[in-house]
Amino acid sequence: MWQLERLGSGCSPPRLLLLVYTYLCAVGDCLFVTEYFTRTPRKLSAFNSFASVELFHFNVPDDTMMAVWNLITFKEQGGTFGDSCPNRNVTVYFRSGAPPVINPLFTRFPRDTVIPGSFAVTLTWTLPNRTTGAFNVTSPLPGDWFLAAHLPKDEGKISVKGLSEECQYLFQPQLIVQRLIGISVLYPGYFIDQMIPVHNRSALYKVFIPNYISKVKVQLVNCSTKNKSSDSCPVVLKIRARAPPVHNSSALDCREWNLCELVTLVPAWEQWYYILVERYLSNSDVYFRIGVQVTGECDAFLPYFLANVNFKDSIIYLAPTADTNKCWPIRPTLRNELDTFSVHFYVFFGPNISIPPDRAAVFAVNLMPVLDSGGVLNMELKLNMSTLKGANLTVFGCLNHGMPLFLRENTSLKCESVAGFFLSVNTSTNITKLRIPYPQTGTWYLSLRSLCATEHGFEQCSNVTAEVYMRAYLTPCINDCGTYGQCKLLRTNNYLYAACECKAGWDGWGCTDNSEAYSYSFQLLSTLLLCLSNLMFVPPVAIAIRSHYLLEASVYIFTMFFSTFYHACDQPGIVVFCIMEYDVLQFCDFLGSLMSVWVTVIAMARLKSIIKQVLYLLGAMSLSMALQLDRHGLWNLLGPSLFALGIMAVAWTVRTIRRRRCYPPTWKRWVFFLFPGTMIATSAVALYAFVETEENYFYIHSIWHMLIAGSVGFLLPPRAKPDAKVTPLKRRRGCGYQLCVNEHEELGLVDPGIISINSICTS
């Protein structure tokens, strides 16, 4: 969905485009396109880690002047509007180039980790059901943009699925962009004559900066108004990489100068630079000549542009220049992909690299677009102490994106001034590490320079070539999330990213924050409570065996066994013991728990043996199917229990009608067994459904085990009395056939013709 419109003196632009009205092309007849992008609504979750965040991926086109994100949040409950749901804040994070690295709980990051910047917006509910917010970015950087949204952290209550209609909070972002078409292109080394008409406020140009450029100089000369008597130039010159300049950016005021130069040091390579010539209010046209001159690191890498351009009188050629310093080549790295977000970058003739004393060593690491931004970029340096020859040497490094920082001893540029990350190794600390979660894609440059410490500070070393072991690689998570975390590979549409999910109270981006971590003794206690509480099934097993309920006893033993080992394997810490796969243990634990309820209630109904066996078999098959469909559904527990209770109620009612008195007949059975057992089972279900949380899980669930096992001991009926002796039916005679066999002939003892017949007849 896009819309094409024209900006000019006679146009009345829409309200959405008022902010971009002043950005006009050189001739004043520039076109812009309005484009619209949307994403499907997604259910938000409370924040526990980045794995619980909903991530949205957008792509902002080139030459975009304005990006407007329309943020829509709404509530649902049971498929309808959630007007009765409580209001909750929604926090949305924005970042260009890679997903945002967020820390809403203010946890500690792992050592040697740098945090890329991002910005956030918090939406507060203002309407009963739907809230809409807008977030504007003037002249956004083109390429990938990521939005991360989540709800505040909750109290960690464990809710039973299906017990009540859950409130769902949904979030849907929409993007509207306005981008210019037909921006005039400048070519380095050439001047062109231009004019800003009286009805336009500014003129916008762009120039492409290739590799090996260390300085970009924009020159504006012969500036004058229509009134030739004026010596001032009423314009402001602005420059910005990758996106058009904004009004509040730094600028060079040319009003008092007839010649204005704007110099950009350490420009980003292989990027478009936008140049804005903005005029002050005047009642006459402004004439000027504009050109761009570039300075490279060495003559060998300076391209010469416009080799086949038809020259006009208004274009003047300006030869490019080069630094007199020695050319410093950039050494590429070899990419070796092992798995998703598992990439190693090898230096040719490495991994040991030599750093000469008179110049820097520069290395390039190329991250693939979109593909590599969802992991962690790791950089490690180790200084070889045997090559120092006793010198007090330090190797300084700067890792930055887009363009290397050529470190010289007399430079005033710092690594931080170009948004780089500083590294250093020396004789006292010969190893350093750097981790960048969710790095921007493109080319990263590592510049290394060796200097020696003297009385006057750091100076160039003499005849000492330092040797450094360099290791650069991508991983999904930092240190694989450590002992108390799990690295999860997540997907949003077609974008893959990885995040840590911590356990046992550990927190942080790499599960290294132990401020609220469980101690070893606490983990051992929780494991023992959950496992040993299943021993409460021993009394019901003994009662069942004593009452000749052998099949029921086998179900209780099965439940006790698998529940014990399931909880031994289900622990979040290091006190874990798994005898088989976790999924198998969980299935057997859930099946045993439901079968225990099923066989107990069916046994209380006191049905005929054949009917009871059929119901046991049907229950086992039905419960297995239900658990395979959904193990956490409420009706997987309530459905079989209610059905079994219905069968028991019918059986008891029939007996009550036949005997003409209440069944069970004795009040002691009601008072001392049925009533306590029912109350214990009801208390267990109430704890499981309404009280259990993530913090109290280990002891509340242990109490659940003991209560359920205790209720079985009370509810299991006593041993059934033997049925009255049934007289055998009289043998039916005269039916069927008789088979007469001569016993002697069968045995082959004598001749049947001599011996008299003595037969055995059977029917």
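Biologist: How many salt bridges does the structure hold?
Modeller: The predicted model holds 14 salt bridges.

Biologist: Is Arg42 buried or exposed?
Modeller: Buried, because its relative accessibility is 14% and the cut-off for buried is under 20%.

Biologist: And which residue forms a salt bridge with Glu337?
Modeller: Arg335, with the closest N and O atoms 2.8 Å apart. Glu337 counts as partly exposed because its relative accessibility is 48%. Arg335 is also in the partly exposed class, at 23%.

Biologist: Next one: where are Lys488 and Glu501 in the chain?
Modeller: Lys488 is in strand β34 (residues 485-492) and Glu501 is in strand β35 (residues 495-502), so the pair links distant parts of the chain, 13 residues apart. They form a salt bridge in which the closest N and O atoms are 2.8 Å apart.

Biologist: How accessible are those two, then? What are the values for Lys488 and Glu501?
Modeller: Lys488 has 27% relative accessibility and is therefore partly exposed. Glu501 is partly exposed too, with a relative accessible area of 32%.

Biologist: Which residues does Thr492 touch?
Modeller: Leaving out residues up to four places away in sequence, Thr492 touches Arg42, Leu55, Phe56 and Tyr497. Arg42 is the residue that pairs with Glu54 in the salt bridge above. With Leu55 there is also a polar pair: a polar side-chain atom of Thr492 lies 2.7 Å from the backbone oxygen of Leu55.

Biologist: Change of topic. Which residues make the nonpolar surface patch?
Modeller: Tyr520, Leu524, Leu528, Leu532, Leu535, Val538 and Ile574 make a patch of about 630 Å².

Biologist: Which helix gives the largest share of it?
Modeller: Helix α1 (residues 520-532), with four residues.

Biologist: Where does Ile574 lie?
Modeller: In the loop between α3 (550-569) and α4 (582-605). Ile574 is partly exposed, because its relative accessibility is 41%.

Biologist: What does UniProt list as "transmembrane region"?
Modeller: Its unreviewed entry lists residues 635-658, 670-691 and 697-716.

Biologist: What is the chain like over residues 635-658 and over residues 670-691?
Modeller: Residues 635-658 are 100% helix and 0% strand, with the end C-alpha atoms 34 Å apart. Residues 670-691 are likewise 100% helix and 0% strand, and there the end C-alpha atoms are 29 Å apart.

Biologist: Last one. Which residues does UniProt list for "domain: EGF-like"?
Modeller: Residues 500-511, again in an unreviewed entry. Over that stretch the chain is 0% helix and 25% strand, and the end C-alpha atoms are 7 Å apart.

Terms used
Residues numbered from 1 in each chain as written. Predicted model: local features only at pLDDT ≥ 70, side-chain atom pairs only at ≥ 80, totals over all residues. Heavy atoms only, no water. Patch = residues over 30% accessible without salt bridge, like charges linked within 9 Å, V, L, I, M, F, W, Y side chains within 5 Å. Areas by Shrake-Rupley, 256 points an atom, 1.4 Å probe, with all protein chains shown as cover. Salt bridge = Lys/Arg side-chain N within 4 Å of Asp/Glu carboxyl O. Helix = DSSP H or I, 4+ residues; strand = E, 2+ residues; numbered from the N terminus. Buried < 20%, exposed > 50% of the residue type's maximum accessible area, 1.4 Å probe, protein only. UniProt positions renumbered as here; feature names shortened; annotations may be inferred. Polar contact = N/O pair within 3.5 Å; in protein donor to acceptor, adjacent residues only side chain to side chain. Contact = heavy atoms within 4.5 Å.
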